[in-house]
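Welcome! Have a look at the fold below, and then we will walk through some of its parts together.

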Amino acid sequence: NDNDNDNNININDINSSPPRFLSRSFHHANYMDASKVTAIISAVAHNNNHYPTITIQRQLMKQEKAWKVVSTVTCHTETLGGLSFHDFHIAMLIDVEIGRQEVRPLIVWDDRDALKKHT
C-alpha cells in the first residue's frame, strides 16, 4: 500500500469516547495541486449538501529546512456534536474521488517527496 499514516482516515479518541470527527490529510507538491484537490472535494460536498471543513496549509518543517503543502478534510456534524451517517458517506465519496486516476497525481503519496527546500 502506497499510503502512509498521514494519508489515512483517523478517528479521534477511539478508546475513550465516541469519535467526534473524521479527518484526513493529503500532501501536495505545490499549492496549486492542493487547490485542485480541495476544489474536487468541495464539489463532492456541494453535490451532497453536506460540508466538511477543508483547509490548505503551507507548513515550514524547521528541522528539515523545507516546506510542505498539506490539505486537510474534517467531517463533523455540528448540530449533533459528533458524527452522522452523512459524515461517513462524504468521507467514502472523497476516498472514491482521491482514488481516481486523474486525481492521484495531485497528491504526494511518499511524504519525503512533499518537502520543498526553504530558500
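Is Arg-24 buried or exposed? With a relative accessible area of 10%, Arg-24 is buried. Here, buried means under 20% relative accessible area, exposed means over 50%, and partly exposed is in between, using a 1.4 Å probe and protein chains only.

Before we go further, a word on the model. This is a predicted model, in which local features need pLDDT of at least 70 and side-chain atom pairs count only at pLDDT 80 or more, while totals for chains, interfaces and linings use all residues. Residues are numbered from 1 along each chain as its sequence is written, and side-chain values use heavy atoms, with hydrogens and water left out.

## Charged partners

Let us stay with Arg-24, which is found in strand S2. Helices (H or I, at least four residues) and strands (E, at least two) are DSSP runs, numbered from the N terminus. Which residue does the side chain of Arg-24 make a polar contact with? The partner is the side chain of Asp-95, at 2.3 Å. A polar contact is a pair of N or O atoms within 3.5 Å; within protein, one must be able to donate a hydrogen and the other to accept it, and residues adjacent in sequence count only if both atoms are side-chain atoms.

Side chains of opposite charge can pair when their charged atoms come close. A salt bridge is a side-chain nitrogen of Lys or Arg within 4 Å of a carboxyl oxygen of Asp or Glu. By this rule the count comes to two salt bridges, and here they are:

| Salt bridge | Closest N and O atoms |
|---|---|
| Asp-95 and Arg-24 | 2.3 Å |
| Glu-97 and Arg-100 | 3.0 Å |

Asp-95 is partly exposed, with a relative accessible area of 30%. In the other pair, Glu-97 counts as buried at 18% relative accessibility, whereas Arg-100 counts as partly exposed at 37%.

## Helix H1

Now for a helix. The 18 residues of H1 should span 26 Å at 1.5 Å a residue, and its end C-alpha atoms are 26 Å apart, which agrees. The expected span is 1.5 Å times one less than the number of residues.

Which residues of H1 are buried? They are Asp-33, Ala-34, Val-37, Thr-38, Ile-41, Val-44 and Ala-45. These residues cover an arc of only 130 degrees around the axis, which puts them on the same side of H1. The arc is that of the directions from the helix axis to the C-beta atoms. An α-helix has 3.6 residues a turn, so residues three or four places apart point the same way. On the other side of H1, Met-32, His-46 and Asn-47 are exposed. The buried residues of H1 pack against S2, strand S3 (53-61), S4 and H2, where contact means heavy atoms within 4.5 Å.

The N-terminal end of H1 is capped by Asn-30, which has a side-chain oxygen 3.1 Å from the backbone nitrogen of Met-32. Asn-49 has a positive phi of about 50 degrees although it is not a glycine, and it is exposed, with a relative accessible area of 61%. Lys-65, in the loop between S3 and S4, also has a positive phi of about 50 degrees without being a glycine. At 60% relative accessibility, Lys-65 counts as exposed.

In H2, the buried residues are Asp-87, Ile-90, Ala-91, Ile-94, Glu-97 and Ile-98. They cover an arc of only 120 degrees around the axis, which puts them on the same side of H2. What covers them includes S2, H1 and S4.

A nonpolar core is a set of buried Ala, Val, Leu, Ile, Met, Phe, Trp, Tyr and Cys residues joined through side-chain atoms within 4.5 Å. Of the 16 residues in the largest one, Phe-26, Val-37, Ile-41, Val-73, Ile-94, Ile-98 and Ile-107 touch the most other members. Strand S2 (22-28), helix H1 (31-48), strand S4 (66-75) and helix H2 (85-98) each supply at least two residues of this core. The largest share, four residues, comes from H2. What does Ile-41 touch, not counting residues up to four places away in sequence? Its contacts are Phe-26, Ile-54, Val-73 and Ile-94.
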